[in-house]
Amino acid sequence: MARRAMGEGRPGRGGGPGRGGVKGARRPEVRLPPLEPFRDGGLEPDGDYDGLEFREEDLTGQDGAGARFMDCALTGCALDETRLHHARILDSVLTGLRGVGTDLAESTLRDVELVDARLGGVQLHGAVLERVVIRGGKIDYLNLRKAKLKDVVFEGCVLVEPDFGGARLERVEFVDCALKGVDLTGVTLAEVDLRGAAELDIARGVDRLSGAVISSGQLLDLAPVLAAQLGIRVEDGA
């Protein structure tokens, strides 16, 4: 099994007090064991992949629904229309993934680092993410509806029109990332830190920000949206 140091007690890393008393997310620190190269040629439904390196594999259109990836590295793989519904990805590092329409609905990601991904239309609705870092890259139209996120960090990435509708976010941090046209309809937030977001553009669900912390500058930027939500008309004096 991968060895990892959870950094207990460090602000923003071990689940201890973060900035301004916000409880920080626990980050995974995955240390993979020596890996064997993946040579099977394709994924299989309910497959069991343990201690493998997938390097520059073209997994386009393949069916790995229900598969388990444990102590794995996926580097530079193509995931266009790859079916990974209900998959389990554990103690793994995913680097430079690319693809459109990847199906990870109802999957589980635990102790995972996703680095420099270039993805579009990823289906993660109903998924469970725990101790996950998403660092760098760009993800368009990320579907996290009704997902459960706990101890998740979005860092230095760009999320275009992500959909968190009906999801639950607990101890989630956004650090130096851009949130463009985010949908928070029906979301439940607890200890969610948005202060580090380089861009915060909320398209829907601004009324669901209870449980999040934002900066004073972000509050000013969101003032027109908040006023509209509350039915306040803002006019200068005659």
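Which residues have the most contacts inside the largest nonpolar core? I looked that up before anything else. They are Phe 54, Leu 149, Phe 154, Phe 164, Leu 169 and Phe 174, in a core of 57 residues.

**Ground rules**

I noted that this is a predicted model, where local features need pLDDT of at least 70, side-chain atom pairs count only at pLDDT 80 or more, and totals for chains, interfaces and linings use all residues. Residues are numbered from 1 along each chain as its sequence is written, and side-chain values use heavy atoms, with hydrogens and water left out.

**The core**

Buried means under 20% relative accessible area, exposed means over 50%, and partly exposed is in between (1.4 Å probe, protein chains only). Strand β10, residues 108-120, gives the most to this core, with five residues. Strands are DSSP runs (E, at least two residues), numbered from the N terminus.

Next I clicked on Leu 169. Leaving aside residues up to four places away in sequence, Leu 169 touches Leu 149, Phe 164, Phe 174, Val 187, Thr 188, Leu 189, Ala 190 and Val 192. Contact here means heavy atoms within 4.5 Å.

**The cavities**

A cavity is a set of points, on a 1 Å grid over the protein atoms alone, where a 1.4 Å probe fits but cannot get out; lining residues have an atom within 4 Å of a point. Grid points are joined across faces, edges and corners, and a volume is the space filled by probe spheres set on the points. I got two cavities of 30 Å³ or more.

The largest cavity has a volume of about 230 Å³. It is lined by 19 residues, and the closest to its centre are Leu 94, Leu 104, Leu 109, Leu 114 and Leu 119. Strands β8 (88-95), β10 and β11 (128-140) each supply at least two residues of that lining. What is the lining made of: nonpolar, polar or charged residues? I found 18 nonpolar, one polar and no charged. (Ala, Val, Leu, Ile, Met, Phe, Trp, Tyr, Cys and Pro count as nonpolar, Asp, Glu, Lys and Arg as charged, and the others, Gly among them, as polar.)

The second largest cavity has a volume of about 80 Å³. Phe 164, Leu 169 and Phe 174 turn up again here, among the residues of its lining. β16 (188-196) gives the most to this lining, with three residues.

**The rings**

I counted eight aromatic pairs. Rings of Phe, Tyr and Trp (its six-membered ring) pair if their centres lie within 6.5 Å; planes under 30 degrees apart are stacked, over 60 edge-to-face, and the rest tilted. Phe 164 and Phe 174 have ring centres 6.5 Å apart and planes at 85 degrees, so this pair is edge-to-face. Phe 164 is in the loop between β13 (158-160) and β14 and Phe 174 in strand β14, so the pair ties together parts ten residues apart in sequence. Phe 164 is buried at 1% relative accessibility, and Phe 174 is buried at 3%.

Most residues other than glycine have a negative phi. Glu 106 has a positive phi of about 60 degrees, and Asp 176 has one of about 50 degrees. Glu 106 sits in the loop between β9 (98-100) and β10 and is partly exposed at 41%. Asp 176 lies in the loop between β14 and β15 and is exposed at 56%.

Conventions. Core = buried A, V, L, I, M, F, W, Y, C linked by side-chain atoms within 4.5 Å. Helix = DSSP H or I, 4+ residues; strand = E, 2+ residues; numbered from the N terminus. 1 Å grid on protein atoms, 1.4 Å probe; cavity = no way out; pocket = protein on both sides within 12 Å on 5 of 7 lines; lining within 4 Å.
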